[in-house]
Amino acid sequence: MATVRVLAVSNSSCLLSKTTSFLAKQRPYRNSLCFTERGGAAPSLSRRSLTCRAIYNPEVQIKEEGLPETLDYRVFFVDRSGQKVSPWHDVPLRTGDGAFNCVVEIPKESSAKMEVATDEPNTPIKQDTKKGKLRYYPYNINWNYGLLPQTWEDPSLANSEVDGAFGDNDPVDVVEIGETRRKVGEILKVKPLAALAMIDEGELDWKIVAISLDDPKASLVNDIDDVEKHFPGTLTAIRNWFRDYKIPDGKPANKFGLGNKPANKDYALKVITETNESWAKLIKRSVPAGELSLV
C-alpha cells in the first residue's frame, strides 16, 4: 500500500511552502521551471533556457510505494494536486540566490544504494539492483549523497580535461558534508565547494562536494580551502571512500582525474553549468535519450 509523507523543512532547507506548487508538466519537453510569488498572486511560470533565477519553494509530498529494502520500493515525488513529478527533470537546479537544489538519495551513515531510476516514468528513487538482487555498499557512506536536478553527464561527450572520459549517463552526484543525517527524497538548498572527477570503469562520474545552507558551519565554508580548514581531512576521505568501495567486491579501485585532486568551487560551478546545458539538450531531444525517461 502506498503511503504519503510530507517532509518538514526549515526556512533555509528548500522543500515545502504553503503558497507554491509544481505546475503541470510541459510537453513535449520542459525548460527550467521557475516559480515566482508576486504579492500573494498565483505562481507564475517563467521559461528561461538553462537557468532558473526565481525563488523556489515547491510544495512536494513524498509518496512511498512498496516496502523499503524490497525490489518494488519506490519513492515518488507528488505535487499538491496529486500529480507525480520528476525529481530529476521537474525540480529546478538553481534556487535564485547562488545556491542549488540537491535531492537526497542516500542518507549519511547508511548503506542501501538508493538512486533515481532514470529509465522509469517520473524517475522515482529506488534501491539499485544487480542480477535481480538489491545493492548495498560494503560499508556505510559517511555523508549525505544525492543529485543535482536538471544536470546530465552526456555519454557521447569526451572530457579532454579528464583523460578523455565520457559521461556516465546520469545526473551529477552531490556529496553533502553537513552534520545532519537527511532523509531519502529531501530537497536541500546547497552551495558547491569543490569537485572530484571520479572515473568509474572508464566513465566520468563527477562528485560535487557541497554543504546545505542550514548547516551550522555553512557560513564558514565557501570554497575548497575552507573545507580543509573547517572539515579537515574530509576531501581526502571522500576521494578515498569512492576510490575503494568496490574493492571488497573484487573490482579494481576507481580512479580520479585532475591530478587525483579535488578542484575548487569555480571549477565545480563550471561542471554544473556544462552538465545543465547537456541536460537541456537531452530534454529538447537534441541528443538521443536512449532508455532514459524524459517525463
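Where is Asp119 found? Asp119 sits in the loop between β9 and β10 (125-127). Helices (H or I, at least four residues) and strands (E, at least two) are DSSP runs, numbered from the N terminus. The model is predicted: local features need pLDDT of at least 70, side-chain atom pairs count only at pLDDT 80 or more, and totals for chains, interfaces and linings use all residues. Residues are numbered from 1 along each chain as its sequence is written, and side-chain values use heavy atoms, with hydrogens and water left out.

Asp119 touches Glu291, Leu292 and Ser293 (contact: heavy atoms within 4.5 Å), not counting residues up to four places away in sequence. Val295 is 176 residues from Asp119 in sequence, yet the two are 9.7 Å apart in space, C-alpha to C-alpha.

Asn169 lies in the loop between β16 and β17 (172-176). Its phi is near 75 degrees, a positive value in a residue other than glycine. Asn260 belongs to the loop between β20 (255-256) and α3. Phi of Asn260 is near 65 degrees, again positive in a residue other than glycine.

The table gives accessibility. Buried means under 20% relative accessible area, exposed over 50%, partly exposed in between (1.4 Å probe, protein chains only).

| Residue | Relative accessible area | Class |
|---|---|---|
| Asp119 | 43% | partly exposed |
| Asn169 | 26% | partly exposed |
| Asn260 | 34% | partly exposed |

**The largest pocket**

A pocket is an open set of points on a 1 Å grid over the protein atoms alone, where a 1.4 Å probe fits, with protein on both sides within 12 Å along at least five of seven lines; lining residues have an atom within 4 Å of a point. Grid points are joined across faces, edges and corners, and a volume is the space filled by probe spheres set on the points.

The largest pocket holds about 730 Å³ of space. It has 32 lining residues, and Lys113, Glu115, Asp128, Asp168 and Asp170 are the closest to its centre. The lining has 17 charged, 12 nonpolar and 3 polar residues. Here Ala, Val, Leu, Ile, Met, Phe, Trp, Tyr, Cys and Pro count as nonpolar, Asp, Glu, Lys and Arg as charged, and the others, Gly among them, as polar. Strands that each supply at least two lining residues include β7 (100-106), β9 (114-116) and β18 (187-200).

**The second largest pocket**

This pocket holds about 270 Å³. Of its 17 lining residues, Leu157, Asn159, Glu274, Thr275 and Ser278 lie nearest the centre. α3 gives the most to this lining, with 6 residues.
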